[in-house]
Amino acid sequence: MNNMLELKGKRFVQASKKPGGGGASMNSKSVVTSEQLLRLEARLQQIKKFWEEEQKPFQGVLISVHYNKIVAKTNRIAGLFKGEDSNLAIVGAKFNNDKTRHIITYFLDSYDLDETINLILMANEIVRSLFKDGITKALFDNNKEVFNKINPKTHHMSKSAFRQIIADVSYIEDFEVEKAPQQFKESIITLYDTKMDTQLLFKRIGIDVLSSRILDNRTVFLDENQAKILYEKAPYLVAMATENLLDLSPEDFLRSYDDGMIHIPSPTIEPTIGVIDTLFDTGVYFSEWVEYHDLVDDNIPKISKDYQHGTAVSSIIVDGARLNPWLNDGCGRFKVRHFGVATASHFSSFTIIKQIKRIIAENKDIKVWNISLGSDKEVNDNFISAEAAILDQIQYENDVIFVVAGTNKPNDSIVKIGSPADSINSMVVNSVTKSGLSTKYSRKGLALSFFAKPDVSYYGGSEEEYIRVCEPLGAASVAGTSYAAPWIARKLSYLINVLGFNREVAKAMLIDSARAWNEAPTPEEVALYGHGIVPIKINDIVQTSDDEIKFVVTDISEKWNTYNYDFPIPMQDDKYPYVARATMCYFPVCDRTQGVDYTNTELNLHFGRIQDNGKLYEINDDKQNPDEDESGARSYILEGEARKKFRKWDNVKYICEKPTKDKQAKKSYKNKNWGMEIKTNNRLDPKDGIGLRFGVVVTLKEINGVNRIDEFVRNCHLNGWLVNTIDIQNRIDIHEKVNEEIEFS
């Protein structure tokens, strides 16, 4: 077996994006006619009249644009509304029922609406006089002679402004004022951003909201009466709503107690994993390993059942390998800091959200957190749950990672995952049987109809073989995603706290180990298994076969292109006898108010040989983020295809070649190194992508079975890399030395 290698010492280079971009681009499937412009103008007049007659509690207007496709950022409105600043006016985004089109909500001044109506009328006059048959994509791109007839003085519009408005309209199907369906229940409600203080806004509606019930300036906790008033008076303000009182998804399917528990030594320098769960019983045999904090209100009655789930989860983290010898991962034991935030019955999402923020803020020393709590309700296809959004925000702002259970079916009518398993930055874990099949209780992703959730799968118990845990009354045999997640938390903590990797690399290593060289999973498989099943043994994650070279790199994105062209891959007869794969993870800033366009930053991974023109010959033929070629031309890929084929906007990237029997060695070019580029794009604020750390795992498989790792290490040293071999025993020795207590005489 070859050990994994860690390459350090050569920073990635940062480069800004070249100026330019080709201007407005029209939808190739649309023909913009005078009739269409007049129809849209009439819709805007209706919306203007609605807002003039509405006793709204804020200044300005909310308007939703029904686009005719899933639109890239560059195809959103840029001439109408606020012109180039229209993207900054977006306050919500969702898909239509078929998940084929964007519906994006904007907040505008009344003046912006009037100006848009005038612009459409002026554009219509030009279309009516110069383009009687309408404007097609071919005409838009090629007929400069006709466009040059536009006279800014007589038509009151420049050629560039007209082209941008036509481009905008080519992507627009309709305008509308969205109104949320009524939900008269105790709810966590997020409002569209109307640039007003939330308490003042509610006061104008006639609702008195305490500041303690405001999560941020747009998300509030309302009781049934308050929700009823809001939906009756201003349903257009509601961007998203979820019930506050939730039931835990069921987790156990067999419970057979055995009180003959075993002895355990006292903890020493083992890493600590944070657990946020139901209550913990301090009378169990391993309680010395658990620092317990009970955060449930003392006025809430607590029964024995409230201690079962949390105690069982912590038992896996502390002593799971001895309780379940078939799952002995080689990671040893872990200490636990356990926070009891809920009982086994109903719990308040709003209360738990606020508690989690405080828990993380007060426990900065813990890097890995396990959350096996989950709702029995399904997530919404158009927005991330409030609980998941808080986890994502915490992970962006802090150097921590959450491991979240994929939730279980309370009944056969519930299929989709429940919150917070829709957290994008978290490591979400589904459950499989001992033979590697999805369990009968596992629920399905995806999140927001696109993001790959769960991330991975692991053994959570089934009738084939249950998970043995410790509960207050003794040993129990249980099953559920709640008992798959702690095993992944153990592995992450081992990689981060013992072996010294950052969370980006550690997450990428687990996902890479689950995917390996397997065929690309179908959407149905991703919804159930995520990227695959993580190996049991930690050695199988940090080591690889003799015919493979596996290395990790990590750095920070500061500009549009973060690149390194110094990977000295060994050759044979001036060719590269390999197939390659690479996995990248990062933790972007997310914005719940943006709905389906939730992640603000996209990092795209490019890896391959360096051609004689200086461009990468990428292993996955990715045509995204192109530079101009020598002729000034650019190649583009449609947004829908980019999301489907290359996981655009997903924060996990996996690119791979397939090993086949007839695979041929790759030709080399003048530059004998390989290169890696990380291209950064931002939806909203360009600063969102600055300082974003990424971790990449690269695997090269020699097609003839030859072990070339020594040559690769030598080449790396000659190229200026510092090469660290990931030897587990050596890392354990270092961990013990760093943590040993020194007594001064």
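Colleague: What share of the 745 residues in the protein chain is buried?
Modeller: Buried residues come to 57% of the 745, where buried means under 20% relative accessible area with a 1.4 Å probe, protein chains only. This is a predicted model: local features need pLDDT of at least 70, side-chain atom pairs count only at pLDDT 80 or more, and totals for chains, interfaces and linings use all residues. Residues are numbered from 1 along each chain as its sequence is written, and side-chain values use heavy atoms, with hydrogens and water left out.

Colleague: How many helices and strands are there?
Modeller: The protein chain has 18 helices and 33 strands. Helices (H or I, at least four residues) and strands (E, at least two) are DSSP runs, numbered from the N terminus.

Colleague: And what does the C-alpha trace span along its principal axes?
Modeller: About 90 × 75 × 55 Å.

Colleague: Zooming in, is Ile47 buried or exposed?
Modeller: Ile47 counts as buried because its relative accessibility is 4%. Ile47 is part of helix 1, residues 34-53.

Colleague: What is Ile47 in contact with, leaving aside neighbours within four places in sequence?
Modeller: Ile63, Leu113, Phe175, Glu176 and Val177, with contact meaning heavy atoms within 4.5 Å. Leu113 is 66 residues from Ile47 in sequence, and their C-alpha atoms are 9.0 Å apart.

Colleague: Different topic. In what order do the strands of the three-stranded open sheet run?
Modeller: The order is 9-8-10, with antiparallel pairing; two strands pair if DSSP finds at least two bridges between them. Strand 9 (219-222) and strand 10 (238-243) are the edges, each pairing on one side only.

Colleague: How many bridges join strand 8 and strand 9?
Modeller: Four, in the antiparallel sense, with strand 8 covering residues 187-191. In one of the bridges, Ile188 has Phe221 of strand 9 as its partner.

Colleague: Now helix 12 and helix 18: at what angle do they pack?
Modeller: Helix 12 (residues 485-498) and helix 18 (residues 728-739) pack at about 65°, and their axes are 10 Å apart. Axes are lines fitted to C-alpha atoms, for helices over the stretch in contact, and angles run from 0 to 180 degrees between N-to-C directions. That makes the two helices roughly perpendicular, a term for angles of 65 to 115 degrees.

Colleague: Which residues make the contact?
Modeller: Helix 12 brings Tyr494, Asn497 and Val498, while helix 18 brings Ile728, Arg731, Ile732 and His735.

Conventions: Buried means under 20% relative accessible area, exposed over 50%, partly exposed in between (1.4 Å probe, protein chains only). Angles under 35 degrees count as roughly parallel, over 145 as roughly antiparallel, 65 to 115 as roughly perpendicular and the rest as oblique.
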